[in-house]
Amino acid sequence: MPSGEADAGRFVQCTSCRKTLFSADFEHELRVCRFCGHHHRLSARDRIACTFDEGSFEETDAGLRTVDVLKFPDYMPKHEQAVTKTGMNDSVMIGRAKLDGMPVSAGVAEFGFMGGSMGVVAGEKVTRCLERGAEEGMPVIMVCASGGARMQEGLSSLVQMAKTTVAVERCREAGVPFIAVMTDPTMAGVLASYASVADVILAEPKAMIGFAGARVSKQAQVVKAPSDFQTAEWVNKSGMVDRIVERRDMRGTLIALVRALGAHLRTGKALVGA
Ligand SMILES: [Zn+2]
């Protein structure tokens, strides 16, 4: 690899196989390594760009911002840093979008915002995204990427687990399909709430999916875990994830699912057996 500042940004190294990739190719290939197929993380904005119809995403509720109820040490400076880094006010972006012309209620997590952690704002946004789908008769798509609940918000963040799960039930009552896409990582409080009760659960290859992280499992002396423990492949084998979908196929898969599962919403016909 040529060295020097002029070349900075032209190459990236795959975090899995360590091979060198042209930045332009890497971005064009949706940050998937062409050598080993490793799916590197995507920002919320990049995810929106490669998932929904071009220019169709209309963000809502962007101004919601948390308050430091617990006066948790260093929370607000860290939060401010995340706002500056991502240009978002919290770890989830929601809005209306289209998939091959079909309207959907969409939510996408930003792992770069404090590890995608779910506090009161992320929980409220996920809830609004689900409720909007139920009220307006749009399929709901949530792309998850989170380390779990936000510890700096204590119990208030754990309440979001119950709140978002109840919102999924509203979709069910309205006959609105809810599709969750688990990306690396989907852990703890997010996995154990709205994400795992979706009608269809897709995951990206090798995404870390689990409840307690590897360090916590080790502390709990879970020593006999299989080598693929807490990966998309492992939870797929156990039936927790319906299908593993490569990033380049994700948009097409979502379109097919929305077309099939949301047909009754577009034609006004009742669901069979509903
Ligand atoms: Zn690689």
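This predicted model has a mean pLDDT (the predictor's confidence in each residue, from 0 to 100) of 90, and 92% of its residues reach 70 or more. Select residues 1-7 next. Their pLDDT is below 50, and beyond near neighbours in sequence the stretch has three contacts in the model (contact: C-beta atoms, placed from the backbone, within 7 Å). Residue numbers start from 1 along each chain as its sequence is written. In this predicted model, local features need pLDDT of at least 70, side-chain atom pairs count only at pLDDT 80 or more, and totals for chains, interfaces and linings use all residues.

Colour the domains. The domain assignment, automatic or from a database, gives domain 1 (9-40) and domain 2 (42-267). Their C-alpha centres lie 24 Å apart. Six residues of domain 1 contact eight of domain 2.

Now go to helix 5, residues 154-174. Helices (H or I, at least four residues) and strands (E, at least two) are DSSP runs, numbered from the N terminus. Helix 5 has 21 residues and reaches 32 Å from first C-alpha to last, close to the 30 Å expected at 1.5 Å a residue (1.5 Å times one less than the number of residues).

Show Ser157, Gln160, Met161, Thr164, Ala167, Val168 and Cys171: they are buried (20 or more other C-beta atoms within 10 Å of the residue's own; exposed means 12 or fewer, partly exposed in between; C-beta atoms are placed from the backbone). Look down the axis of helix 5. The buried residues fall within an arc of 135 degrees, so they line one face; the arc uses directions from the helix axis to the C-beta atoms.

Finish at Gly175, which follows helix 5 and has a positive phi, near 70 degrees.

Definitions and conventions
Two residues are in contact if their C-beta atoms, placed from the backbone, lie within 7 Å.
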